[in-house]
Amino acid sequence: MSRVMVVSIGPGNVDYISQKAKERLEQSDFVLGSRRQIEDVRSICSVTTEFYVYKKITEIKEVVEKEQKKKISILVSGDSGYYSLVPYLKKVLREEFDIIPGLSSFQYLFSKIGENWQDFFIGSVHGRKLDYIQKFREENRGLVLLTDEENNPKQIAKNLWEAGFREVDIIVGENLSYQEENISYYKIEDWEIMPERFEMNVCIYRKGEENAYL
Ligand SMILES: C[S@@+](CC[C@H](N)C(=O)[O-])C[C@H]1O[C@@H](n2cnc3c(N)ncnc32)[C@H](O)[C@@H]1O
């Protein structure tokens, strides 16, 4: 097992962290993550574990190189295979690392709504461009998106509405797996009543049975 491990911690509540991830965290000398991630896992780490909250991702490389003798875990939220730090770490870390997979926020949300996700386009507009109108037109059941303040759930709903889509359900999952979890449902024609801001969320735009298009 590598000295450096990327550990997927799932949507946040420790009940959804894998046994493998728990064991690794218990044995880690040094755990790096965001403030929220570290708070999420603190209770399952050893009393001797040191924590490092990074503000910029460039700090990770510095810490990994400085703490040469330590068994290090780098936390990623949800699953490591969905918009995580892994591609960045592959580029900058000189040392090999292994990865422990986890449950993604979107997988958790689909379980809550009792549906399968394999026919949805799984993407993100969090700080990145995506032609989601084109993606929505393509052959799939809809979209799953990580959003940000600018490309927020309401703005995306408005743009889909203005592009002529009808019969679309919108499901916004905020703070999933935490006590403050909130899952809200909207119809696309009601996009105007959607809040301007949502807390940490993953969003589903699901085509209706008829897949109506104006
Ligand atoms: C850097 S991305 C990583 C996604 C992660 N790898 C996953 O599989 O869910 C972080 C974004 O995931 C979403 N996210 C992560 N955990 C969440 C949760 N518990 N509830 C709602 N959204 C969450 C939020 O949109 C957050 O801004």
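Trainee: Which residues come nearest to the ligand?

Mentor: Keep in mind that this is a predicted model. The shell around the ligand takes at least three residues from each of domain 1 (4–103) and domain 2 (106–211). Strands β8 and β10 each give at least two residues to that shell. Of the 21 residues around the ligand, those that come nearest are Pro11, Gly78, Ser104, Ser105 and Leu176.

Trainee: How many residues of each class are in the shell around the ligand?

Mentor: Good thing to ask! Sorting the shell by class gives eight nonpolar, eleven polar and two charged residues.

Trainee: Which residue in β5 is the bridge partner of Val7?

Mentor: Look at the strands joined to β1. Five bridges link β1 with β4 (residues 72–76) in parallel, and there Met5 stands opposite Ser73. Three bridges link β1 with β5 (residues 98–100), also running parallel. In β5, the partner of Val7 is Ile100.

Trainee: Now helix α7. Why are its buried residues on the same side?

Mentor: First, name them: in α7 (residues 153–162) the buried residues are Pro153, Lys154, Ile156, Ala157 and Leu160. They share a side of α7 because the arc they cover around the axis is only 160°.

Trainee: What covers those buried residues of α7?

Mentor: Look for both helix and strand here. The cover over the buried residues of α7 includes α6 (132–137), β7 (142–146), β8 (168–174) and β10 (201–207).

Trainee: Is Tyr83 partly exposed or buried?

Mentor: Find Tyr83 in the loop between β4 and α4 (86–92). Its phi is positive, about 45°, although Tyr83 is not a glycine. A residue needs 20 or more other C-beta atoms within 10 Å to be buried. Tyr83 has 19 C-beta neighbours inside 10 Å, so it counts as partly exposed.

Trainee: What is the phi of Glu167?

Mentor: Glu167 sits in the loop between α7 and β8, and it is partly exposed, with 15 other C-beta atoms within 10 Å. Most residues other than glycine have a negative phi. For Glu167, though, the phi is positive, near 55°.

Key
Residues numbered from 1 in each chain as written. Predicted model: local features only at pLDDT ≥ 70, side-chain atom pairs only at ≥ 80, totals over all residues. Buried ≥ 20, exposed ≤ 12 C-beta atoms within 10 Å, placed from the backbone. Helix = DSSP H or I, 4+ residues; strand = E, 2+ residues; numbered from the N terminus. Arc of directions from axis to C-beta. Contact = placed C-beta atoms within 7 Å. Pairing = 2+ DSSP bridges. Near = placed C-beta within 6 Å. Nonpolar A, V, L, I, M, F, W, Y, C, P; charged D, E, K, R; others polar. Domains from an automatic or database assignment.
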